[in-house]
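Trainee: I would like to learn how to read the packing of a fold from a model, one feature at a time. Could we begin with the strands?

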Amino acid sequence: MSDYLSPHYAQSVLIIIDFQNDCVLPGGAMEIPGSIDVLPALTALCQHMRSAGRPIFHIVRAYLPDGSNVDLCRRSAVEAGASLLTPFKEGADFPDALKPLGAPPLDWEMLLTGNEQHLGDCDHVLYKPRWGAFYQTPLEHILRTLAIDTLIFAGCNFPNCPRTSMYEASERDFRLVLAQDAMSGLYPQGIDELKNIGVHVKNSQDIISTLVKG
């Protein structure tokens, strides 16, 4: 029988969903409890991906102050003046620990027009306008161009954007891995449901060990 699910780490990327300051840092405008706790595992995973020469995609949200690009469940709040993931502000950025040395500032003018920004040899940034990382973004095209077939997911608040993005990736026949200790908001039923669609659920150290061996 053919093996359609096992990860190919030599053809893998790390996809980090919405690990932005407003969502992660204590006191952030959209703080997701527990997100700051996964930062050490996520930082180590980024460092070892770079050492292995594997790409990292930082997928980010941004809400314009007029609410014009905001999903409907939050649009009224932003129109009323709430400052959430506002581009060009610190809250929409992500922690420096996840960036390569010498990374430039996020170029929101580039990102908001749907273009990819490079932060270094391995790090890429893409803006997504809704929950899923593949919705109205060039992510799939970029991954196919790089001959990627395995996606390692990490980031912030599993029930919303990460979960949606992983199901989108499954629809596109990518091999999938969840770094469970580098993802906030994870819960047992969600893990079981991911396993049912062929996702490999692993600790970051297990992923790192495989990268080092490779």
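Trainee: In S2, which residue is the bridge partner of Ile15?

Mentor: The bridge partner of Ile15 in S2 is Phe57. Before we go on, note that this is a predicted model, in which local features need pLDDT of at least 70 and side-chain atom pairs count only at pLDDT 80 or more, while totals for chains, interfaces and linings use all residues. Residues are numbered from 1 along each chain as its sequence is written, and side-chain values use heavy atoms, with hydrogens and water left out. Helices (H or I, at least four residues) and strands (E, at least two) are DSSP runs numbered from the N terminus. Strand S1 (residues 12-17) and strand S2 (residues 56-60) run parallel and are joined by four bridges.

Trainee: In what order do the strands of the sheet lie, and which are the edge strands?

Mentor: Two strands pair if DSSP finds at least two bridges between them. Here seven strands form an open sheet with mixed pairing, in the order S3-S4-S2-S1-S5-S6-S7, and the edges are strand S3 (117-118) and strand S7 (200-202), each of which pairs on one side only. S1 and S5 run parallel and share six bridges, with Leu14 opposite Ile152. S5 and S6, also parallel, are joined by five bridges; there Ile152 stands opposite Val177, and Leu151 opposite Leu176.

Trainee: How many residues of S5 are buried, and which lie on each face?

Mentor: In a regular strand the side chains alternate between the two faces of the sheet. Buried means under 20% relative accessible area, exposed over 50%, and partly exposed in between, with a 1.4 Å probe and protein chains only. In S5, six of its six residues are buried, with Thr150, Ile152 and Ala154 on one side and Leu151, Phe153 and Gly155 on the other. S6 is mostly covered as well, seven of its nine residues being buried.

Trainee: Which strands does H6 touch, and at what angle does its direction stand to that of S6?

Mentor: H6 packs on the sheet, touching S1, strand S5 (150-155) and strand S6 (175-183), and its direction makes about 165° with that of S6; axes are lines fitted to C-alpha atoms, for helices over the stretch in contact, with angles from 0 to 180 degrees between N-to-C directions. Helix H8 (residues 204-213) lies across S1, S5, S6 and S7 and runs at about 125° to S6.

Trainee: How do H6 and H7 cross, and which residues make the contact?

Mentor: The axes of helix H6 (residues 161-171) and helix H7 (residues 188-196) come within 11 Å and cross at roughly 10°. H6 and H7 are therefore roughly parallel to each other, as angles under 35 degrees count as such, over 145 as roughly antiparallel, 65 to 115 as roughly perpendicular and the rest as oblique. Arg163, Met166 and Tyr167 of H6 meet Gly190, Glu193 and Leu194 of H7, where contact means heavy atoms within 4.5 Å.

Trainee: What lies around Lys99, and is Lys99 buried or exposed?

Mentor: Lys99 sits in the loop between helix H3 (72-79) and helix H4 (108-112), and with a relative accessible area of 14% it counts as buried. Leaving aside neighbours within four places in sequence, Lys99 is in contact with Arg50, Asp93 and Phe94.
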